[in-house]
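Please examine the sequence and the structure shown below.

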Amino acid sequence: MDSQYCLKENRALCEKSISYNDKLAPLFIRNILYSLIPEGTERIYVLGIGSNMISGDSLGPLVGTLLSNLYPKHLTVFGNLQHPLDGVNFIQDFSQISVLKNSFVIAIDSVLGPEDYVNTIVIREGALHPGEALGKKLTPVGDCSMMGVVLKQDHDTANSLLYTNLHLIYTMAMSIAKGISLSVRQYFHYPANHPILNVR
């Protein structure tokens, strides 16, 4: 809950919105990410921001869990269901993250937004601003923001997050994780039969 970010329609012009349940969502995400990764990138970092205690804020940690240990030579994940990057530990944990040169950082979070954005995955070039919707000023993070718009911004958001549809969160997380995994596999030339998710 503390890491919610308010998606504003006029924040940026360069963004793509994908329906959370589109069967082709992972491919769209792969294509967008692949176009954003700079030439010469040697490592990709994923920051799964959110809480493992609140269903509406668990998107980032769930994606982190799905991607853990898949591409150890080229992908590093911070924030998962076991060790989330939430509003309590974000500043302390993020300050300990050392990002190598020639890296690309993808920040993932559940967000609040205008009604016509709800139930979509928004990909935007540039940093994500965790905590903005709840008036917190945390360090902006990421070269690319991936945001699952789970609710409309309103006065009762804090309570609504506790009862967010978990199927929505799970479906978004699967699409985002698959899209990122496909991007990493393609960019670093892994074989086509390399696993794309950490599902046991």
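**Helix, rings, charges and confidence**

Q: In this predicted model, how far does helix α1 (residues 25–36) reach from its first C-alpha to its last?
A: Helix α1 has 12 residues. At 1.5 Å a residue, a span of 16 Å is expected. The span in the predicted model is close to that figure, at 17 Å.

Q: Within what arc do the buried residues of α1 fall, seen down the helix axis?
A: The buried residues of α1 are Ala 25, Pro 26, Ile 29, Ile 32, Leu 33 and Leu 36. An α-helix has 3.6 residues a turn, so residues three or four places apart point the same way. The buried residues of α1 line one face of the helix, because they fall within an arc of 130 degrees.

Q: Which elements are included in what covers the buried residues of α1?
A: The cover for these residues includes both strands and a helix. The helix named is α5 (166–187). Together with α5, the cover includes the strands β2 (15–19), β5 (103–113), β6 (120–125) and β7 (144–152).

Q: Which residue of the pair, Tyr 45 or Phe 78, is buried?
A: Tyr 45 is in strand β3 (residues 43–48) and Phe 78 in strand β4 (residues 75–78), 33 residues apart. Phe 78 has a relative accessible area of 26% and is therefore partly exposed. Buried means under 20%, and at 4% the buried residue is Tyr 45.

Q: How many residues apart in sequence are the parts tied together by Tyr 71 and Tyr 190?
A: Tyr 71 and Tyr 190 form an edge-to-face pair, 4.7 Å centre to centre with 70 degrees between the planes. Tyr 71 lies in the loop between α2 (59–67) and β4, whereas Tyr 190 lies in the segment after α5. The parts that this pair ties together are therefore separated in sequence by 119 residues.

Q: Which residue meets Arg 124 in a salt bridge?
A: The structure holds two salt bridges. Arg 124, in strand β6, is joined to a residue of strand β2 that is 109 residues apart from it in the chain. The N to O distance is 2.1 Å, and the partner is Glu 15.

Q: Is Glu 115 buried or exposed?
A: Glu 115 meets Lys 152 in a salt bridge of 3.7 Å, N to O. Lys 152 is partly exposed, with a relative accessible area of 42%. For Glu 115 the value is 59%; since exposed means over 50%, Glu 115 is exposed.

Q: Which element of the protein has the lowest mean pLDDT?
A: The protein averages a pLDDT of 85, and α2 has the highest mean among the elements, 97. In contrast, pLDDT stays under 50 over residues 1–6. Where pLDDT is low, the predicted coordinates should not be read in detail. The lowest mean, 42, belongs to strand β1 (residues 5–6).

Definitions and conventions:
Residues are numbered from 1 along each chain as its sequence is written. This is a predicted model: local features need pLDDT of at least 70, side-chain atom pairs count only at pLDDT 80 or more; totals for chains, interfaces and linings use all residues. Side-chain values use heavy atoms; hydrogens and water are left out. Helices (H or I, at least four residues) and strands (E, at least two) are DSSP runs, numbered from the N terminus. Buried means under 20% relative accessible area, exposed over 50%, partly exposed in between (1.4 Å probe, protein chains only). Rings of Phe, Tyr and Trp (its six-membered ring) pair if their centres lie within 6.5 Å; planes under 30 degrees apart count as stacked, over 60 as edge-to-face and the rest as tilted. The expected span of a helix is 1.5 Å times one less than its number of residues. The arc is that of the directions from the helix axis to the C-beta atoms. Contact means heavy atoms within 4.5 Å. pLDDT is the predictor's confidence in each residue, from 0 to 100. A salt bridge is a side-chain nitrogen of Lys or Arg within 4 Å of a carboxyl oxygen of Asp or Glu.
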